[in-house]
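Good morning, and thank you for joining this group meeting.

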Amino acid sequence: MTDTLVRAVTTDGNFRAIAIDATEMMAEVAKFHEASQLGTTVLGRALLGSLMVSNAILKGDERLAVVINGDGPAGKIVVEASAQGEVRGYVTNPTVELPLTAKGMQDVAGAVGSNGFLQVTKEIGEGDPFTGQVELMTGEIGDDLTYYMAKSEQIPSAVAVSVLVDPDGTVAAAAGGFMISALPDASDEDITALEDKLANLPSISSQLVEGHTPMDLLFNLFGKDDVKLLATTEVALYPEISKRDYERMLATLPMKDLQEMLAEDHGVEIVDRFTGKKIQFDEAELSGIIAAKDAEGL
């Protein structure tokens, strides 16, 4: 099944909704990062939440970067996402482990921490990037993105994300979520009624395990006749950066730095933060980069 994100609106015009199923993508992410069960859960929530936020506030070729910097042992979380459904990200410490919570759940809040900030930088058109920043509320990520949408974007929203992970760190069965945003016609009574529905809704992961689609998540929340599909977008990881691209990046370094790498290390190893993969340039390859740079007079 292809990972998808849907955009919809309630037929009464009160709410805009986004829902996502990215189970296959998260299985690949877990494989890349060799993360712990908790590390995969943290990164998964950030990836899914950022995808929904990007589709809510961006358009066309625009993209955003989300940085979650709490005081927890997971360290910094960095995600890049586009309005076209592409995403990538990493956690500074993907192997983080903590005891389960009292409810038997992965302790995402403990891993992320609640003393810090969530920052969203939007690249829109030809102008300078715009950055909005809010304090972390709980470290649960969904709650923090909810606060960001209300505080920085002035769009009252509810963001819910869930990643069901096996103890070995691989995604077991489900990775998805939804974001519901109030439209101008929504009354306080409408919002209160939605909050009651959210409080009694089955978990996202359990619904996905049962075979429910992203639209089913919204049907189960609003009713099948009360929500209208607007668009469907396939979601996927950004293409991996090629070795040739890294070669071009190395060529932009000062000649002195390249020569030191050659003399001291006889090559260079680059670790792709987004995939965890290692890219090797041996002595001959690094010498070739230096020679080409020298020939160009750089």
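Let me begin with a definition: Ala, Val, Leu, Ile, Met, Phe, Trp, Tyr, Cys and Pro count as nonpolar, Asp, Glu, Lys and Arg as charged, and the others, Gly among them, as polar. Please note that this is a predicted model, in which local features need pLDDT of at least 70 and side-chain atom pairs count only at pLDDT 80 or more, while totals for chains, interfaces and linings use all residues. Residues are numbered from 1 along each chain as its sequence is written, and side-chain values use heavy atoms, with hydrogens and water left out.

I turn to the cavity. A cavity is a set of points, on a 1 Å grid over the protein atoms alone, where a 1.4 Å probe fits but cannot get out; lining residues have an atom within 4 Å of a point. Grid points are joined across faces, edges and corners, and the volume is the space filled by probe spheres set on the points. There is 1 cavity of 30 Å³ or more, and the largest cavity holds about 120 Å³ of space. It is lined by 15 residues, of which Arg88, Leu237, Tyr238, Phe274 and Thr275 are the closest to its centre. By class, that lining has 9 nonpolar, 3 polar and 3 charged residues. Helix H1 (23-33) gives the most, with 3 residues; helices and strands here are DSSP runs numbered from the N terminus (helices H or I, at least four residues; strands E, at least two).

Which rings does arginine 88 lie over? Its charged end sits over the ring of phenylalanine 274, 4.8 Å from the centre, and arginine 88 also lies over the face of tyrosine 238, at 4.9 Å from the ring centre. The rule asks for NZ of Lys or CZ of Arg within 6 Å of the ring centre and within 35 degrees of the ring normal.

The structure holds 2 aromatic pairs. One of them joins tyrosine 90 and phenylalanine 274, edge-to-face, at 5.5 Å centre to centre and 70 degrees between the planes. Rings of Phe, Tyr and Trp (its six-membered ring) pair if their centres lie within 6.5 Å, with planes under 30 degrees apart stacked, over 60 edge-to-face and the rest tilted. Tyrosine 90 lies in strand S5 (residues 86-91) and phenylalanine 274 in the loop between strands S12 (268-271) and S13 (278-281), so the pair ties together parts 184 residues apart in sequence.

Methods. 1 Å grid on protein atoms, 1.4 Å probe; cavity = no way out; pocket = protein on both sides within 12 Å on 5 of 7 lines; lining within 4 Å.
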